[in-house]
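Subject: Structure for you to look at

Hello,

Here is the structure I said I would pass on. Please open it alongside this message, as my notes come after it.

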Amino acid sequence: MSRLVVVSNRVGPLKDTGRAGGLAVALVDALTETGGLWFGWSGDVSEEGTFGNLKQGGGTRKVAMATVDMTQADYDEFYAGYANRTLWPVLHYRLDLADFDRRFEEGYRRVNERFATRLRPLLQADDIIWVHDYHFLGFAAELRAMEVGNPIGFFLHIPFPAPEVLAGLPNAERLVRRMLAYDVVGFQTRRDAANFRRFAVEELGAVERDGDKLDIAGGTVVARAFPIGIDAAGFARQATTPEARRNTARTEKLLVGRQQIIGVDRIDYSKGLPERFRAFGRLLEDYPENRGKVSLMQVAPPSRAELDAYAEIRRELEELSGNINGRFADLDWTPIRYMTRSFTRRALAGLYRASRVALVTPLRDGMNLVAKEYVAAQRAEDPGVVVLSRFAGAAEGMPEALIVNPHSAEGVASSLQTALNMPLDERRSRWQAIFDRICQNDAAAWATSFLETLRGRATN
Ligand code: GDG
């Protein structure tokens, strides 16, 4: 079978460090199966944007890693600029937060081209190439310009917005046209894939065929959903490790019979964190029997702290949690436990297990893996309930969760009340249905399904 080349903004780790998510694990598995090369940014900024050495993974795993540094200008314009100040907000439907700066756009194009130039000499004739996420929308177009004819697939981890929203991005047509240089373009949900196809049809004159294909300029692109999964069995095992058990026990000891709602998110405006705090406040207000009885634990490791929009949301969360705690706290009970530190995956699994409800309220989210991890970590005999935003990709495959509109504090509070009082049988039957599905559609199945489609395109 042909060698797999994975391109992503960050490379590795090849080993399970206890911090790596299911994505890294699934990619390493896929890479190991055929032998592979993992290519991307080193995470370093250096003056010349040096090309790192090719590192070979040890043992029988024939996985090599090749990385490129960024220059300060690359970092500012490509990474902190176009990727995170322009594309991230626009693709999350937040035109109001987007920064449209021509230098960002140029930097994005330049880095896509330079990374492609660096990868070019490492490619072999029968490699198949799998590119990840919004940093590299134009990567295939660059490789094609260098006469690379190998199959190239792309997976977008974040949403693809409705054409009416994307049209607000300057030069959106050019960007999407460049995406059509891929053989397969994968999305988290059917809605994202349909948005992409509609943009290609309405704005670029592509012709839709067989439900998931686009014919354009003599070529065909497959554009469809490949919903990402987690390593569900692996995560369930993490929840029973000694480290997880210690964390479950520590939390339960503090709860002494009270119930806990948990949220786990990078601090990001897409995650609906202020809305979540407000909804929890509304629960205490509208259903006063929960005062002194139910708390919200929010794990929120900071991300992209250098961006203003992120610093602002942090301030807002501090203010909101301060207000709610000041208003409702009692001698032996604090309503919101808000922690901006991070935990190991095992510790997280333990915290999920100690919580009766997972509250997942993004305003937009490609998939949201936390919802799936929470389910995987539960005790089968006494599982908790997921309260899930309709705007998370995960909602498309989780009808047994309590689906909410995160903008409605009343609605979320009422669903929380339902979740907290849900009888054991109902909790079990809802949980079992979700658990079976996430085990079946796990991270490995996701990678296999994408790569089969890409290999299929290669032989057509
Ligand atoms: C993007 C898309 C899509 C969080 N805090 C800690 C920690 N985490 C882990 C979670 C989970 C991961 O980070 C977050 O994944 P999400 O899916 O929730 O969100 P994004 O980071 O925005 O990911 C998203 C995903 O890509 C995959 O395609 O689902 O929609 O936005 O695994 O557990 N992990 C550790 N400590 C923490 O404190 N170890």
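Predicted model: local features only at pLDDT ≥ 70, side-chain atom pairs only at ≥ 80, totals over all residues.

Residues are numbered from 1 along each chain as its sequence is written.

Domains

The protein chain is assigned domain 1 (4–229 + 443–459) and domain 2 (232–440); such bounds come from an automatic or database domain assignment. Between the C-alpha centres of domain 1 and domain 2 there are 30 Å. Contact is made by 21 residues of domain 1 with 19 residues of domain 2, where contact means that two C-beta atoms, placed from the backbone, lie within 7 Å. On the domain 1 side, α1 (22–34) and α2 each supply at least two of the residues that touch domain 2, and α2 gives the most, with three residues. Helices (H or I, at least four residues) and strands (E, at least two) are DSSP runs, numbered from the N terminus. That side of domain 1 has nine nonpolar, nine polar and three charged residues. For these classes, Ala, Val, Leu, Ile, Met, Phe, Trp, Tyr, Cys and Pro count as nonpolar, Asp, Glu, Lys and Arg as charged, and the others, Gly among them, as polar.

Core

The largest nonpolar core has 148 residues, and A358, A371, V386, V387, L388 and L416 touch the most other members. At least three residues of this core come from each of domain 1 and domain 2. A nonpolar core here is a set of buried Ala, Val, Leu, Ile, Met, Phe, Trp, Tyr and Cys residues joined through C-beta atoms within 7 Å. Buried means 20 or more other C-beta atoms within 10 Å of a residue's own, exposed means 12 or fewer, and partly exposed is in between, with C-beta atoms placed from the backbone. Apart from neighbours within four places in sequence, the contacts of L388 include V360, A371, M398 and I403.

Helix α3

Helix α3 (residues 102–119) has 18 residues and should span 26 Å at 1.5 Å a residue, which agrees with the 26 Å between its end C-alpha atoms. The expected span is 1.5 Å times one less than the number of residues. Its buried residues are F104, E105, G107, Y108, V111, N112, F115, A116 and L119. Seen down the axis of α3, these fall within an arc of 165 degrees, so they line one face of the helix; the arc is that of the directions from the helix axis to the C-beta atoms. R102 and R103, on the other side of α3, are exposed. The buried residues of α3 pack against β1 (4–10), β2 (36–45), β4 (63–70), α2 (72–91) and α4 (139–145).

Single residues

R346 sits in helix α12 (residues 345–353). Is R346 buried or exposed? R346 is buried, because 22 other C-beta atoms lie within 10 Å.

S303 is in the loop between β12 (294–299) and α11 (308–328). S303 has 13 C-beta neighbours inside 10 Å and therefore counts as partly exposed. Leaving aside neighbours within four places in sequence, S303 contacts R266, I267, D268 and Y310.

A206 belongs to the loop between α7 (190–204) and β8 (207–209). With 24 C-beta neighbours inside 10 Å, A206 counts as buried.

Regards
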